[in-house]
Structure formats: C-alpha cells, structure tokens
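Take a moment with the sequence and the 3D view before you read on. We will walk through the fold step by step.

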Amino acid sequence: MVVQVKTNLPQYSKAMDGNQNKVETNILLLGAENVGKSALTVRFLTKRFIGEYGDIESIYSHIDKIDGREISFNIWDSLYPQSCESSESVSEEQLRWADGIVLVYSICDRASFEVVQQQVALIQKLSSSTSSPVPKVVVGNKRDLQHRRAVSSEEGRLLAQSAGCGFFEVSAAEAYHGVLPVFHGLHELIKGTKGVKKGTAGIMGIMRTVSAVFSKKRE
Ligand SMILES: Nc1nc2c(ncn2[C@@H]2O[C@H](COP(=O)(O)OP(=O)(O)OP(=O)(O)O)[C@@H](O)[C@H]2O)c(=O)[nH]1
C-alpha cells in the first residue's frame, strides 16, 4: 500500500533558514529490530498504524504544535545493525545529532530489553566525554500483547530510573494518544535541559518524506 502524505520538508527548510519562532528538535529512535521503532514514528507522524514498515534507515521531519508553539521534530528512525558488536549499535554521529533519544524495546521480547540496557550503558560511556547528557526516554512497546509479556513494567521502570530516563509503556498498534506523550514528554525534557541545537549537517542523505514510510516493503 502506498499512501501519499503531505511532506513537511518545505516548512522544515524554512526553520533552517532561521525562523526564530520555530523550534527544531532532533529525536533519535534506538532499539533492537522489530520492536516497533518505525510503527511509533509513523503513529506520531501520521496518527496511523499500517502494520508493515520495511527497514530503511530514515530521518523524517514533522511540524507539531505544543502550547501554541510550532515545533519541528526531526525523527531518526534507526536500524539496529545486524550481526554487530553491541558496542557498535549507537554511533558518536547519532549522539552528536540527537537532542533526545527514545530507546524502544518490545514487552514480549526479553532480548530487545537487553539491547536497550546495553545501549543505555553505551550512551553513558560515549557521552562521558561530551558536555551534558542527552535526555532520554525508555519505551516498552507492544503493550497490547499482554499474553506474551516477557518484561514486567517494573523492570522497565527500574531501568529507566537507574539511567535517569523517562519511562512509557505503549502500543503503537492500539492508539495515537498513547504515543504522543513519548515525543512531547521527551521534548519537555529537552527544553528543560537546554535549548535545541544541531540541525542536520552530515546526515541529509537519509532524510525522507513521510510517504516513503508507506512505500517501503520488507524483503
Ligand atoms: N501487536 C503489536 N505489533 C506491533 C506494535 N508495534 C509494531 N508492531 C509490529 O511489529 C513489527 C515490527 O515493527 P517495526 O515498526 O517495523 O519495528 P522496527 O523496530 O522499526 O524494526 P526494524 O525496521 O527491523 O528496525 C511489525 O510487524 C509491526 O506491525 C505494537 O504496538 N503492537
């Protein structure tokens, strides 16, 4: 299925041209494969859940309004590298780019929770040399699959707490209103720690329109 969704890229460019009223925020989604990173991204961008998303690494731009103010969200839907060392699953480039990070696991996939644990530790290690820690939220996705739960809410909450992150359990499949607080909550954390920064220098090659999400297919 290909659904054309109007892209926000022209407005995004305007923001980059220096429109001071518009705030830009860069959000990186991390986590193992198949946990629902693309599903969460697409839910936030389009309010829809379409089931299959393909596996192309992309950055999407989306204008949203929070308290009457336009926020330009740039969302990097990353791919967990296959057959990689765990130490390579987050890059310094990603950390330099990100204003905030969403670490996603599936509540029915214990291994994906362990990937998030490793990524939290790796981010802490890589960030120790940089100025301030990047705000993060841990997200347990697929909450609708309670009968297959393999990670308790308590474990998720404890991991988030120990890493100083926000915590959410959501279902990208079930509802938009559950996913919205993840992105808005992270934006609030980012606002609280600084201003937003960074732009897209060096990563323009993986910028995509939202419609690209719908046209990509798994092999
Ligand atoms: N039941 C259920 N399925 C979900 C949910 N979110 C995603 N899925 C399904 O999980 C599968 C993987 O979702 P993706 O969004 O492609 O996961 P991903 O983390 O982006 O995967 P990669 O592209 O491999 O990195 C798809 O079949 C989705 O339909 C959810 O909240 N509940």
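A nonpolar core is a set of buried Ala, Val, Leu, Ile, Met, Phe, Trp, Tyr and Cys residues joined through side-chain atoms within 4.5 Å. Buried means under 20% relative accessible area, exposed over 50%, and partly exposed in between (1.4 Å probe, protein chains only). Keep both ideas in mind for what follows.

This is a predicted model, in which local features need pLDDT of at least 70 and side-chain atom pairs count only at pLDDT 80 or more, while totals for chains, interfaces and linings use all residues. Residues are numbered from 1 along each chain as its sequence is written, and side-chain values use heavy atoms, with hydrogens and water left out.

How confident is the predictor? pLDDT is its confidence in each residue, from 0 to 100. The chain averages a pLDDT of 81, and 75% of the residues score at least 70. Residues 1-18 have a pLDDT below 50. Beyond near neighbours in sequence, that stretch makes 34 contacts in the model. A contact means heavy atoms within 4.5 Å. For the complex, the predictor gives an ipTM of 0.99 and a pTM of 0.84.

Now the parts list. The chain holds seven helices and six strands. Helices (H or I, at least four residues) and strands (E, at least two) are DSSP runs, numbered from the N terminus. Along the sequence, the pattern reads α-β-α-β-β-α-β-α-β-α-β-α-α. Of the 219 residues in the chain, 50% are buried. Take the contacts in the chain with a separation of 6 or more: residues 24 or more positions apart account for 78% of them.

Next comes the sheet. In what order do its six strands lie? They form an open sheet in the order β2-β3-β1-β4-β5-β6, and the pairing is mixed. The edge strands are β2 and β6, and each pairs on one side only. Two strands pair if DSSP finds at least two bridges between them. From one strand to the next, the twist averages 25°.

Look at two of the pairings. β1 and β3 run parallel and are joined by seven bridges. Asn26 has Asn74 in β3 as its bridge partner. Helix α6 packs on this sheet and touches β1, β2, β3, β4, β5 and β6. The direction of α6 makes about 120° with that of β1. Axes are lines fitted to C-alpha atoms, for helices over the stretch in contact, and angles run from 0 to 180 degrees between N-to-C directions.

The other pairing is antiparallel: β2 and β3 meet over nine bridges. These two strands form a hairpin with two residues between them. Asp67 sits in the turn and has a positive phi of about 50°. Lys65 stands opposite Glu70 in β3.

Stay with β2 for a moment. Eight of its nine residues are buried, so this strand is mostly covered. Ser58 belongs to β2, which spans residues 58-66. Is Ser58 buried or exposed? Ser58 is buried, because its relative accessible area is 0%. Its side chain makes a polar contact of 3.0 Å with the side chain of Tyr60. A polar contact is a pair of N or O atoms within 3.5 Å; within protein, one must be able to donate a hydrogen and the other to accept it, and residues adjacent in sequence count only if both atoms are side-chain atoms.

Now return to the nonpolar cores. The largest has 29 residues, and Ile27, Leu29, Leu40, Phe73, Val102 and Phe183 touch the most other members. Several elements give two or more residues to this core, including β1 (23-31), α2 (37-46) and α6 (176-193). A second, separate core has 26 residues, including Val90, Cys108, Ile123 and Ala163. Ser171 lies in the loop between β6 (166-169) and α6. Ser171 is buried, because its relative accessible area is 7%. The side chains of Ser171 and Asp144 are joined by a polar contact of 2.8 Å. Gln118 is in helix α4 (residues 110-127). Gln118 is partly exposed, because its relative accessible area is 36%. Gln118 and Gly31 are 87 residues apart along the chain, and their C-alpha atoms are separated by 9.7 Å.

Methods. pLDDT is the predictor's confidence in each residue, from 0 to 100.
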